[in-house]
Amino acid sequence: MTALSGSRLTPRESSRRIALFVQPTLRMLNNNNELTATTTPLVKIRGLTFHRGGRLIFDNVDIDIPCGAITGIMGPSGCGKTTLLRLIGGQLKPAAGTVEFDGMVINRLRRPQLFEVRKRMGMLFQSGALLTDMNLFDNIAFPLREHTALPESMIHDLVIMKLEAVGLRGARYLMPSELSGGMARRAALARAIALDPEMIMYDEPFTGQDPISMGMLIRLIKRTNDALGLTSIMVSHDVAETASIADYIYVLSDGKVVGQGTPDEIRDSDSEWVRQFMDAKPDGPVPFHYPAPPYDDELLTERDGS
Amino acid sequence: MIGGFVEFLRFLGRFGLGFFERLGRAHLFLLSLLVCLPAVVRRWRLVVLQIYSVGFLSLIIIVVSGLFVGMVLGLQGYNTLVDFGAEESLGVLVALSLVRELGPVVSALLFAGRAGSALTAEIGLMKATEQLSAMEMMAVDPFKRVIGPRFMAGFISMPLLAAMFSAVGVMGGYFVGVGLLGVDDGAFWSQMQSAVELREDILNGVIKSIVFGIAVTWIAVFEGYDTVPTSEGISRATTRTVVNSSLAILGLDFILTALMFN
Amino acid sequence: MLQTKTIEIIVGIFVLLGLAALLMLSMKVSNLSTLGDTDGYRIEAEFLNIGGLKTRSPVKMAGVVIGRVADIYIDSDTYNAVVVMNISNDYKNIPQDTSASILTAGLLGSNISAWGRAVRKPSLMKVIEIMITSDAVVLEQIIGQFMYNQAASDDEEW
């Protein structure tokens, strides 16, 4: 399902899309719909190079995000995982290389076209990033009200359905400040699927969640992806959870892809970097000690340097 | 010794370059804001909401301050004029001081402190909690949805607030002068009416308040948008808004007065 | 958070209050109300010295304001100051031999006062030249005169 060009849908087109909206969401509510992942990549990254603050974040990186599947991007903290999502979404521009989405080069698009493409992507921020001056209902209705000309009654029904899919229908009039972390993320997920995008990016969805919320989120992500035929990119450092639902995993470290493959392949990988990450070893290619002068010298050095 | 001096020069250089960099960023920001204005006017409901929060909620402080300033003008003016036997001109003194200078300037300073800092904090917080980023990813331009309406609300509210400040101030002066100190009622108004020009004084005062409104709102909104997204960054940005707005108001006041009233 | 409708009403009231304040300033505080009488006829008077007279200063007859000063310029032949006055149409019958003098009213304004002899037959010319004028009372001249007179009377005593 692709979005139309032009920033507002006509009522007729909106009605046609309603039918498309309703079906998959109902399917999602009813569970269990397998969609096979196709092999053509939706997002193609070639030769990506990016600096920030004097540091090289990405060094000539190539990544393919297959269509219709869940791809996990893993790696130690600070390796630029969130930056990657921003590069795909066009919020940052690479120093070199191309980021392609459905054949369009994101980093060369002009602002109006970029905004059009973004309607086909959804993004789930780490904190949910709900708009704090409106309640939950209005938050989810926000993209619908901004981009479509649907009447309020239809918007009401759509929002109710999205909320029901994430299990928050009863909380619709709460303000974001009154939600718990897990609820906020589920609400943000409902908002991300409001316009029925083709791709959703999840920025560290499992970080800081209790086991129950974690379980709920995993189930939601999997169901959303399968029922709506989405492509999902998950950035995380939760090895077990990511491996449990991802169809394909990339492991990044030090600005390069140090491992890629299906979860099983990664688990059995013999690359040093991947092993340290997967086995949670505190020391290895990613050192435990931040670079510093020798320990003995520091202890024995007097104030005046003798 | 030389090393310290060289360090100082490098510091100055960095500070100067940083200053110019910010200045350039602020102007590019203003440009993108102005480009969005036609789209913002179409979303006038958002502007109305902002006028409520920025204009109406500042009303109390403006009106109360205006009243007190007018009353003090009445008192001090009377004390000075009575020595020259010119206390009948109290109306002229109060009206001209308010309409030409105190109305636009003081209300702009109060506005910067109350509404300007609130705008900076609000936008800065939205940036820190990634709400602006989320909006961008939802293909909603934060300039048109968040920043533009606040900017419009600022420069629409400012002249209205300044006019109310001056009007209430004149009433305050009347209260003190005629009510308490015994200046002649008719002389108060008639001398005032013959001395205050519609085009030269009142219109110029309105132009001043519009210019101040644009300057203060621009600074407030830019500082919010440009903050370092931490709590310390936001508090520093809020302080900068108030300080820079005040300096801008007083500086622009001098320039405008020199242009208008020589 | 108030209802949107309430907010819009409040903002409407706010804007109305602001415009009302602006209106009040224009009407009661400025000279807008007195700008209306631009219809009238003009009288020119020549003075050697206009002192602190400004345009829009009131023109009074027997203490009543009958018009305002419209323009002040220098006559290119006599190099005297010519004051053009806009007299309201209510006072069409100003006698021809009225004299005009410039007085200071209070610290902050000069105005023109005129004395005239009541004459039965009013003159009806549109533009009248007032030939008899007294120049502005300049403070320094008075003080000078006073001191001169004092000195003279002191001399006499001797």
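Author: The accessible surface of chain B comes to about 11,800 Å², and 71% of it belongs to carbon and sulfur atoms. Accessible areas come from the Shrake-Rupley method with a 1.4 Å probe, and for residues only the protein chains shown count as cover.

Reader: What conventions apply here?

Author: This is a predicted model, in which local features need pLDDT of at least 70 and side-chain atom pairs count only at pLDDT 80 or more, while totals for chains, interfaces and linings use all residues. Residues are numbered from 1 along each chain as its sequence is written, chains are lettered from A and ligands numbered from 1 in the order in which they are written, and side-chain values use heavy atoms, with hydrogens and water left out.

Reader: How many helices and strands does chain B have?

Author: Chain B has nine helices and zero strands; these are DSSP runs numbered from the N terminus, helices being H or I with at least four residues and strands E with at least two. The C-alpha trace of chain B spans about 65 × 60 × 30 Å along its principal axes.

Reader: And what share of the residues of chain B is buried?

Author: Of its 262 residues, 51% count as buried, meaning under 20% relative accessible area (1.4 Å probe, protein chains only).

Reader: Now the interfaces. How many residues of chain C and chain B are in contact?

Author: 28 residues of chain C are in contact with 31 residues of chain B, contact meaning heavy atoms within 4.5 Å. The two chains bury about 2,600 Å² between them, with 81% on carbon and sulfur atoms; buried area is the accessible area (1.4 Å probe) that two parts lose on being put together, summed over both.

Reader: Which side chains form a salt bridge there?

Author: B:R45 and C:E8 do, at 2.9 Å from N to O. The rule finds one salt bridge across this interface of chain C and chain B; it requires a side-chain nitrogen of Lys or Arg within 4 Å of a carboxyl oxygen of Asp or Glu.

Reader: What do chain A and chain B bury between them?

Author: About 1,700 Å², of which 56% is on carbon and sulfur atoms. On the chain A side, A:F115, A:F142 and A:E146 lose the most area to chain B, together 26% of what that side buries.

Reader: How many salt bridges are counted between chain A and chain B?

Author: The count is four. One salt bridge joins B:D141 to A:R111, with the closest N and O atoms 2.7 Å apart.

Methods
Buried means under 20% relative accessible area, exposed over 50%, partly exposed in between (1.4 Å probe, protein chains only).
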